[in-house]
Amino acid sequence: MRQSALLVATLPLLSPLCPAQPAPGNLALNKPYTLSPAPNYALCLDPGDATQLTDGVYVEGHFWTREGTVGWSGGGLRFITIDLGQVCPISGLSFNTAAGVAEVYWPKSLLILVSDDGQAWHSVGDLMEMLDPGFLPEYGTYAIKKLGTESLETHGRYVELVVQPDRNYAFVDEIEVHRGPDALLAKALPGKAVANVADQMKVEAFGKLVRTQLRRDLQAAREDIAAPGLADAQRTALTGKADQLAVEIADMPPIEPEGFRAVLPMTDLERAVFALQAEVWRAQ
């Protein structure tokens, strides 16, 4: 199988502000990027892999057999770092991919990080967790999907996507970064800055485990809310509280694994979920 050379970026330390352009504006259009490790999926491997992800061209036909697609096999994390050229306000991002057959699954996670200088990185969330429930079809149905969000509200010169495949394959043919209002340039970057993105991945993975458990706890309360025995007014009020907790779980700040104790309730947020469950039981 042919191997393309690993693209290596030199990241300058200073980044002037991005000039205005029409909204929404694809900031990534024709911008350079780096890939690590190098793409290695033979059926779409070609020299164009170095430019195709930001050329504005979407492939047609069977996704991973087209040269316009960039693909990896063999599992492991895939790092895509786009240089926007200057610090820009960022409102959204999209990642065009396909899955559903031939042992190709949707990504397990797709972490988004931003940096003004290419040295200090800030996580702005996992794109896979930002998608609406049911957006992606179950395995067995082939589909091309534009995974996207318009809720980033951040800024940066560099945007890094860390793709964690589910099993062996990862494919993408186009990435867009959408310009936000200039006011975002003054907004503080979220969370603690990290220099080692691999360490940040450990924090994100741990936080995902905790969020998964909290969502299970909340789902148990929702099932009791839906069960017979509550008056309509009670059910409406309790459902509203559950909906608010779901939002808080989605927006939960990162949790450092070091020193964490898995004693129930693990967090104040889980304590609030347990309190809701108790309120449901009392109402029943």
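Modeller: What follows covers a strand pair, then the rings, then charges over rings. The model is predicted: local features need pLDDT of at least 70, side-chain atom pairs count only at pLDDT 80 or more, and totals for chains, interfaces and linings use all residues. Residues are numbered from 1 along each chain as its sequence is written, and side-chain values use heavy atoms, with hydrogens and water left out.

Start with strand S2, residues 70-73. Strands here are DSSP runs (E, at least two residues), numbered from the N terminus. Val70 and Trp72 point one way from S2; Gly71 and Ser73 point the other way. All are buried (under 20% relative accessible area, 1.4 Å probe, protein chains only). Two strands pair if DSSP finds at least two bridges between them. Gly71 has Phe171 as its bridge partner in S8.

Now the rings. The whole structure holds 7 aromatic pairs (Phe, Tyr or the six-membered Trp ring, centres within 6.5 Å). Tyr41 and Phe171 have ring centres 4.9 Å apart and planes at 85°, so the pair is edge-to-face (planes over 60 degrees apart). This pair links distant parts of the chain, 130 residues apart. Tyr41 sits in the loop between strand S1 (33-36) and S2, Phe171 in S8. Tyr41 is buried at 15% relative accessible area. Phe171 is buried at 3%. Ring pairs link Tyr41, Trp64, Tyr142, Tyr169 and Phe171 into a cluster.

Last, the charges. Lys145 lies over the face of Phe135, 4.8 Å from the ring centre. Arg167 lies over the face of Tyr105, at 3.8 Å. The test is Lys NZ or Arg CZ within 6 Å of the ring centre and within 35 degrees of the ring normal.

Terms used. Buried < 20%, exposed > 50% of the residue type's maximum accessible area, 1.4 Å probe, protein only. Helix = DSSP H or I, 4+ residues; strand = E, 2+ residues; numbered from the N terminus. Phe/Tyr/Trp six-rings, centres within 6.5 Å; stacked < 30°, edge-to-face > 60°.
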